[in-house]
Amino acid sequence: MEIIKNPARDKWGSLTERSGIDTAKIRGKVSDILADILSRGDAAVSDYVEQFQGVRLDSFAVTESEFDEAEKSLDTSLKEAIKAAGENIAKFHASQKLAVKKVETVPGVVCWQKSVPIEKVGLYVPGGTAPLFSTVLMLAIPARIAGCSKIVICSPCNSEGKVNPATLYAAKIAGVTDFYKLGGVQAIGAMAYGTESVTKVYKIFGPGNQYVMEAKQQVSISGVAIDMPAGPSEVEVLADDSADPEFVASDFLSQSEHGVDSQSILVTTDAALADKVKTAIGEQLKQLPRREIVEKALQNSRIIIFDNMDDAIDFTNEYAPEHLIISCREYGSIGERIINAGSVFLGQYSPESAGDYASGTNHTLPTSGYAKGYNGVNLDSFIRKITFQEISRSGLQQIGETIEIMAANELLDAHKNAVSIRLKNK
């Protein structure tokens, strides 16, 4: 893992690059699969499930008996943990509801906006090298709180046609029953276009591998919204000499085990910390069952040392990390200066894994620098805002001349006339 000291600002661009994904190599393949699903529906989806998931399914849908079987198979401790996490996630997202506020911009002109849930949403839950059942909670709970009337989940089954039981249990306690044993591009295509079995949705959420993300990008230009562009997961730890190297090392490794293309960055003002963290990473790595994945991910990771905190903060805002852990004495004031990050974790005892599971915030976050323009999933992600206005005759008289002048100067006389004709007639 590379250690870089005081990089010049003109070098920051290369240091903020993520591990590359050559989408050109998969773009055509993804496009062909999506076109086939649009054309042949369930028949195409069945073929791709057999090809990529290794099983021929009689039905894509998870049955009620499968939900019950999954619940019975889980340890009580895990079920209680899922419930506790779900309660915290629900509490945080429910707090984001906003009351309707009417504004009278001038006398007789009243404007307001109403929040309306997206009727049909599709949630993708990965099930590859790790069963990410926590993602069910992060997506389905705010969708339910928002009032979405149709919540569809797709998650891949194994070669025996079984979905991870914790994933099914999380869906059950979140109130979801439309659950399909679909993964990969075939899941995205089925939700985006609709098939004989799978409901067409209006917006698709959730993380996935490069094929899933490419599929989401492609369907987003054909009438289906997506939550955000996304790439491999990442974390930055911003630390001074008060940071505990063991804690920092654990944050590096917890992020790295997501996948071989994950990235961990330490930005610090303490050169001695860098060496201590490297040593701690080596020791903790020996205990990890996913060691091979972590070692490959660490090849994408680096430690950057700055002489002062101002440069460290500026670099952090340029990097725009998905997750940012601030392990510094003055973490509160430093946090106030962060403007580009998906989710921020303040202090020594706020590990990124808390946000992944149980603190209440959402773990579906912008990666690859997209935090400069996107926020993570929240209640508003499942809501549309519709504006309303009610104008009386006296109100139209208040703003009529302004409208007429502007319309005339845009050469849109019919717009002008729509006001003029009302003001001339009772």
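**Exercises on a predicted model**

L411 is found in the loop that runs between α16 (393-409) and α17 (413-424); helices here are DSSP runs of H or I with at least four residues, strands are runs of E with at least two, and both are numbered from the N terminus. Before we start, note that this is a predicted model, where local features need pLDDT of at least 70, side-chain atom pairs count only at pLDDT 80 or more, and totals for chains, interfaces and linings use all residues. Residues are numbered from 1 along each chain as its sequence is written, and side-chain values use heavy atoms, with hydrogens and water left out.

**Exercise 1. Backbone angles**

Solution: 
- Step 1. As background, most residues other than glycine have a negative phi.
- Step 2. N6 lies in the loop between β1 (2-5) and α1 (12-15).
- Step 3. L411 is exposed because its relative accessible area is 73%, where buried means under 20%, exposed over 50% and partly exposed in between (1.4 Å probe, protein chains only).
- Step 4. N6, at 37%, counts as partly exposed.

**Exercise 2. Around S381**

Task: Decide whether S381 is buried or exposed.

Solution: 
- Step 1. Find S381 in the loop between α15 (352-357) and β14 (383-391).
- Step 2. Its relative accessible area is 13%, so S381 is buried.
- Step 3. Leaving aside neighbours within four places in sequence, S381 is in contact (heavy atoms within 4.5 Å) with I118, K203, F205 and G376.

**Exercise 3. Salt bridges**

Task: Work out which parts the D241 and R329 pair ties together.

Solution: 
- Step 1. A salt bridge is a side-chain nitrogen of Lys or Arg within 4 Å of a carboxyl oxygen of Asp or Glu, and by this rule the count comes to 22.
- Step 2. D241 and R329 meet in one of these, at 2.6 Å from N to O.
- Step 3. D241 lies in the loop between β9 (234-239) and α10 (245-256), and R329 in the loop between β12 (323-327) and α14 (331-336), so the pair ties together parts that are 88 residues apart in sequence.
- Step 4. D241 counts as partly exposed at 48% relative accessibility, whereas R329 counts as exposed at 55%.
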